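Some notes on this model follow, as numbered points. Please read them alongside the sequence and the structure.

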Amino acid sequence: MQRIQRYFLVCSTIYFKFVVISGVIDISDLLSPLILKHKVPALGGVGLNATGVTSLGASGVRRREATANVTKYDYWHLGSCTKAMTATMVASLVENGTTKWEDTLGERFAWLPKEYHGINFFHLFSHTSGIPPNANWKELSTSAPTLEGQRVNAVKALLNTTMVGKPGEKVVYSNWGYVVAAAMIENATGESYETLMKRHVFGPLRMITAGYGPTSKSDELTQPWGHTTEDYPLQQDNPLVMSPAGTIHCSLEDWSEFVRDHLRGSLGLPALLAIESYRILHTPPFNGPYALGWVVSKVSWSKGPVLAHTGSNTYNYAFAVIAPTEGTASMSVCNKNDTFPAATDVLLHISSLPSTVLSETS
């Protein structure tokens, strides 16, 4: 959250030469000097408006000490930018009557202690549930043969946990809360989180490259590999029990379909969900900056609230910003951990291009 705020403070207009191909600005050459500046393996970026992608590019190598270059069509790990997708899936189930935003943990898992019973989706998705940040994901990943069973066990693990606050009382960022929300939905539907995501988000938005975990097998160099802070290449991820909080990967173009959908929804244009659902998803339900999968901020360069989120699985980095008032959005990705400055620099450079998110308003 502090990093997102810092990014907004340094936002400025930067001018750069670019090439236009088929109506979309190719920003690959724009990214090349940023790779040298920040000493990262690769960077990617995309800018868009309500009608489609306006700029797209990627530059660098898929893995340190390798010659295979990234492409605009490669898959990138999104980390916690997954969270907005999880909340969107639940919004779709609310619309079709499968669940309600106000459904509680107590209704689904009555055996939990009373202090957990009043926690609902608003609490879980805005990080105000009182559930601690993380469970023992490695232990949970071997606790049951199915991901659904592992997520039920993530709920059971609350029995041996002390809450960090009362529901709605304060913000404590919680991956665990998103996994608990997925367990509630799996309990309500009898279907897996992954099946529901495909039916309610990936399918309708034609996100054909969306998947979970590493972008490729560990013995392949067909997609970008992640890198540690020390620049060591590793093609691995958090256990898939944690997917609702942050293991989704996809291409930049497919990610842009999701982000553009939220931009359109915020503008009242035809989109995946009803206008009221986007209003709910984009509005903090309690004190604090967190809406449902998004951080909401007021910034000097936008005439209205801005939605943003970062994501990292400790090997990759992703950053998305939506400016509804300006009708634009942009995203950046890097295949190395802890690369907020590089990801920010990509967005700052995209800001100089026509119809992209960070252009200064008059």
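1. How many contacts beyond four places in sequence does the model have for residues 7-21, where pLDDT stays under 50? For residues 7-21 the count is 44. The model is predicted, and residues 355-362 also have pLDDT under 50, with 37 contacts beyond four places in sequence.

2. Across the chain, pLDDT averages 91, and 91% of the residues score at least 70.

3. Strand β13 covers residues 328-334, and seven of its seven residues are buried, so the strand is largely enclosed by the rest of the structure. In a regular strand, side chains alternate between the two faces of the sheet. In β13 both faces are covered: one side carries Thr328, Ser330, Ser332 and Cys334, the other Ala329, Met331 and Val333, all of them buried.

4. β13 has antiparallel pairings with two strands, β3 and β12. Seven bridges link β13 to β3 (residues 42-49), with Leu43 partnered by Cys334. Seven bridges also join β13 to β12 (residues 317-323), where Phe319 stands opposite Ser332.

5. Arg63 sits in the loop between β4 (52-60) and β5 (75-77). Its relative accessible area is 25%, so Arg63 counts as partly exposed. Beyond four places in sequence, Arg63 touches Leu221, Trp225, His227 and Pro233. From Arg63 to Gly211 the C-alpha to C-alpha distance is 20 Å, with the two residues 148 apart in sequence.

Conventions. Residues numbered from 1 in each chain as written. Predicted model: local features only at pLDDT ≥ 70, side-chain atom pairs only at ≥ 80, totals over all residues. Heavy atoms only, no water. pLDDT = per-residue confidence, 0-100. Contact = heavy atoms within 4.5 Å. Helix = DSSP H or I, 4+ residues; strand = E, 2+ residues; numbered from the N terminus. Buried < 20%, exposed > 50% of the residue type's maximum accessible area, 1.4 Å probe, protein only. Pairing = 2+ DSSP bridges.
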